Amino acid sequence: MNRALLVGVSRYDVKAPADPHGVPGDLRAVEHNVARLGEALVRGGVFAEDEVTRCAPSGVDEFNQALNEAVAGAEGLLLFYFAGHGAVPSAGDELWLQMRNAMTVPGDKAVFQGAWPFSSVLTVLATARARQVVVILDCCNAGNAAQIWDTFRDADRQAVSLLMSVQANSRIDAGDDATPTPFTAELVRLLTEDPDGDGTGTGEGADGTGTGDGPDDGLVTFAGLAEALRERLPALGLLTLRAESWQPQSRPAPSGEDVILADRTTPAPDRTTPAPGHPEPAPGPPAPAPRPPAAPVRPRPRAALAALLRAARAPRPPWPRSRRAVPGVSVRPSPRKALGLLPRGALGRAGAAAVAVALLAGLGVAVRELVADSGAPCRPPLELRLLTDPDLEPTVRKAADTYLTSDANRTADGCRRSGITVYGAGAADAVNGFHEQADPWQEPRGDDVNPQRDVGPQPDIWIPATSASVTRAAQAPDKWKWVTLDADSPPFAYSPMVLAVPQNIAAERVGERTGRSLAGLVADLRERDADADVRRTDPEFTDSALLATAGLYGADGGGAVEPGAVGAGEQRVAQPGPPAPTGADLLCALPDDDTVDRRTAALVPEFLLRSGVSCDRSTRTPRMAAYPDDVPALDPVFVHVSWYEADRDTEARGEAVRRFEEWLTGGEGLAVFGQDGFRSPRGDHAPLDPGGPGAGVLRAPGGLPAPASAGALDSALTAYRKAGGPGRVLFLLDSSGSMGDLWDGPGGGPGIVRQAFAGLGDEDEYGVWAVAAQPGGRGTHSVLLPFGRHARGEAEQTLERGAAVREVEADPYAALTAALEEMDRRGGHDDRPQLIVYVTDDEDNDHLGGERMKDLLAAAGKRRIPVVVAALDSGGCDRGKPDARISAASGGRCLDTKTDVVAGLRDEVARTGTGDK
């Protein structure tokens, strides 16, 4: 059963300016939104009238009740729509949906009474049993929902697609009270009619992308709808209230499955009375005229119909919590009337197939999958489940779809031999599932260990991004063989990891882009642009990110990681917030901020620079690939997975796997990987596509690295997990006489250190040294805060009581040398993150000349303990200055007053500590 919850708040009890805590005013246009959209959804055939709930909640309780009922009742597609006022706090980190009794209490942290946070709405929607969830927001600041969606675990938003009426932090005009709001008016028009009248629309294009590039088949998909809205509203000249172009935003479901929202060929329902309990809706657009019958042709198979046959045939196990584990669904949910999204258990397998045939015949659709060339009915094809790495999933899905409609997957009389369900899952979870949890994967015994929930259904085929993962996943010889992994040899494709550098700061000569270590390439990049950043994706989620991490740490084949390498490696890719889950997500997120996009290099697989990602290519900064010679490469491999006692159809299933393997690793399958930018796994790794690797990529880089060893990846993952634990930070506070004018207040030396304590938690260890020669020449520093664990309030009070300026000079060479030795001693037995912070006015840098500077730089480079220099001087970080050289040699960062020193230092400390991030 499909469900749509349409929430429209058009009237508000408390309004400004009469009440300073009120909302801007009523939104009469929203009354038309709910009526017109409900009519359009029913006309589209995906939702029946009794599956659409229209709600105008007076408060949060009424809203929550309607939301919970919709979530509980949806099994196929769940659509949630909200129109009304949307408010954001000054930080912009939440979107509040305001109900009729909404009020705002201003202050440092605004309080929104009578409103509900979108993060809570999304949490509730993520618990739905529905196969797909679509969220549509038509309100001011709707785009702020994107960053909330981005922070959710991929498992929680796997099947959730988000469409937002406007970009973040932007207010919009509701338009005329007598018509729907501009966004919803266009939304309804695209759902019900061909927007251009030219036979093209938002349905599935000729290439199957659903973007409307091909003949209009009447299907309106989420992807096509979002793209059309992004083009349509700016084309109408609509502006936000800040006079900026009005630009709708979207986030497609990470599962990669598009969603059909309407079929414009479905006749409008014949209803002369309004729905019970709802006023007569305003007249909607006229029903489309009947289309003339098409000339009989041999139809192209449609993936949605194949999914129906698979769903009709497949058994229905208890519905899993994770939508990754939904069996038999490899494409988008389909129109209910045409594609059989019926309540589970309502029909038997034979009955479901019969109803599907009848419904499809009623729509006049001739389908090759239903009837063989001889006219005899085809048997439902055997369904295979294919698990792959999330970075590979789009390409593997494309290859599987190509195979399904190929002659290699046809019997002599034209019937399909097999179907394939492709799904991605976190690489670390998949390896651990095979290696440690194969038994509960077959039969989960509880919520604590349940790979069916956390990874997905038991696969017949596994395609990891690196062959080393097969070794890591293999069960120990002395363990019971719950699963057997039969890997093809050798791997069938190859893609090196590259540093994708924005073209404006990339090296121009080929020799500067090859034959260098990752550390060398990053150092060169920051020599060209001191503000350049480097980002890596989540090593827990994709093999490519783990390969990048092995390179960052210098993990060798035996699994060894040098002391200090972890901290230095993590410092090179330090970033605010959590890492992106996949390379495509990273390359899509960077253009959200043009400044960040132009100065940020990304560690991603090379093939992504050709195949691209789902976001708009025209918004992305052009990039050039640099090829580190110490980062292992991707070498995807085909693995046949066999499960203990899973012997039903063993021979037929094995034959189906073998056929797909032969096709995928042969000419036609490799052509798909070649089109997406992959290389040959053999020889000099020439591109699989004779047309070349694409812009910004070298056709023959030379000396490309070998694939990873299992030991190196295990070692890198273990070190990465430890690196996220408690950290150690040693603060050096210049307390010499010249600091007198830079001492008091939040921008003074002690104030800056106190604010940096916010990035440290109760489990972190830290201390503060005062850098100044003591009377009588006894040493060059004194202890203000002993090194150890501290409650933040107590640490601040201790610093405030003890910090004082002394009328002596500072010796930064002696203090930094002693600090490096101290931190090296403390961190010699583990890989906990470490950091040295030096706050100074640079007045005593004359102590850093000659041999002293050489010795200090050598010590910093050898120990690789990052040193952050916070220079209370506008030129302290200029190229060639001591502060810049010391921070660069150690793998740290230099901050001066040309930037926000307080914010920058707080961020650096937070990356090391476990406090406020």
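**A look at the cysteines**

Reply: Let's begin with the link of C877 and C894, which is left-handed, with -90° about the S-S bond. It ties together distant parts of the chain, 17 residues apart: C877 is in the loop between β25 (867-871) and α28 (882-890), while C894 is in strand β26 (residues 894-895). Keep in mind that this is a predicted model. The two sulfurs of C877 and C894 are 2.0 Å from each other. As for exposure, buried means under 20% relative accessible area, so C877, at 19%, counts as buried.

How many disulfides does the structure hold? There are 2, so let's turn to the pair C378 and C415, where the S to S distance is 1.9 Å. The torsion about the S-S bond of C378 and C415 is about -80°, so this disulfide is left-handed. Here, too, distant parts of the chain get linked, 37 residues apart. You'll find C378 in the loop between α9 (349-362) and β12 (382-388), and C415 in the loop between α10 (393-404) and β13 (418-424). C378 has 15% relative accessibility, so it counts as buried. C415 is buried as well, because its value is 8%.

Now for a couple of other cysteines. C55 counts as buried because its relative accessibility is 10%. C139 is in no disulfide: the nearest cysteine sulfur, that of C140, is 7.1 Å away.

Terms used: Residues numbered from 1 in each chain as written. Predicted model: local features only at pLDDT ≥ 70, side-chain atom pairs only at ≥ 80, totals over all residues. Heavy atoms only, no water. Disulfide = S-S within 2.5 Å. Helix = DSSP H or I, 4+ residues; strand = E, 2+ residues; numbered from the N terminus. Buried < 20%, exposed > 50% of the residue type's maximum accessible area, 1.4 Å probe, protein only.
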